[in-house]
Amino acid sequence: MYSISKKINILKQAQVAKNFFSNEEIIPSAVTPFTCCDCGHENSIEIIPYKSGFPIFQLYNEDKIVSKSELLQNKVVTETSNSMLHFGALTVNNLPTLYFGTDCQSCHSKYFCVFSYGEKQPGLTVLQISGIWKYE
Ligand SMILES: [Zn+2]
């Protein structure tokens, strides 16, 4: 799990077994396999609330790592609704949105994962994985 500091191109989306978690499913972490689109290896990702990930703002800030339009075209994020703009211009599910980089353990293809985490309504905390994309 690492941050990305150089410009990337989004290539294709990998299959994620489970992308939505709520309440107890997130304690102590959300775990799901994803399948490498190159070699078919089943990798596992573990997301620990408040520990995993880096603000997605770091990716689209001044279009430095990846442009806002590329993120929107690939449906990585959507435009945040007006009442939730304090979470940033682009989010998943109008909640605080984070990302991290990870590699296929078998062929070392590079991937990044985008997810959001937060209280959707009183008593309902959700973690939604938007997806995992191969990048170069
Ligand atoms: Zn692979």
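Trainee: Is Cys107 buried, partly exposed or exposed?
Mentor: Cys107 is partly exposed, at 32% relative accessibility. Buried means under 20% relative accessible area, exposed over 50%, and partly exposed in between, with a 1.4 Å probe and protein chains only. Keep in mind that this is a predicted model, where local features need pLDDT of at least 70, side-chain atom pairs count only at pLDDT 80 or more, and totals for chains, interfaces and linings use all residues. Residues are numbered from 1 along each chain as its sequence is written, and side-chain values use heavy atoms, with hydrogens and water left out.

Trainee: And Cys104, buried or exposed?
Mentor: Cys104 is buried, with a relative accessible area of 0%.

Trainee: Which residues coordinate the zinc ion?
Mentor: The SG atoms of Cys36, Cys39, Cys104 and Cys107 do, at 2.3 Å. Donors are N, O and S atoms within 2.8 Å of the metal (3.2 Å for Na, K and Ca); water is not among the atoms, so sites may look incomplete.

Trainee: What spacing do the donors follow along the chain?
Mentor: The spacing is C-x2-C-x64-C-x2-C.

Trainee: New topic. Where is Thr97?
Mentor: Thr97 sits in strand S8, residues 97–103. Strands are DSSP runs (E, at least two residues), numbered from the N terminus. Thr97 is buried, at 6% relative accessibility.

Trainee: What does the Thr97 side chain reach at 2.8 Å?
Mentor: The backbone oxygen of Leu95. A polar atom of the Thr97 side chain also lies 2.9 Å from the backbone nitrogen of Val92.

Note on methods
Helices (H or I, at least four residues) and strands (E, at least two) are DSSP runs, numbered from the N terminus. A polar contact is a pair of N or O atoms within 3.5 Å; within protein, one must be able to donate a hydrogen and the other to accept it, and residues adjacent in sequence count only if both atoms are side-chain atoms.
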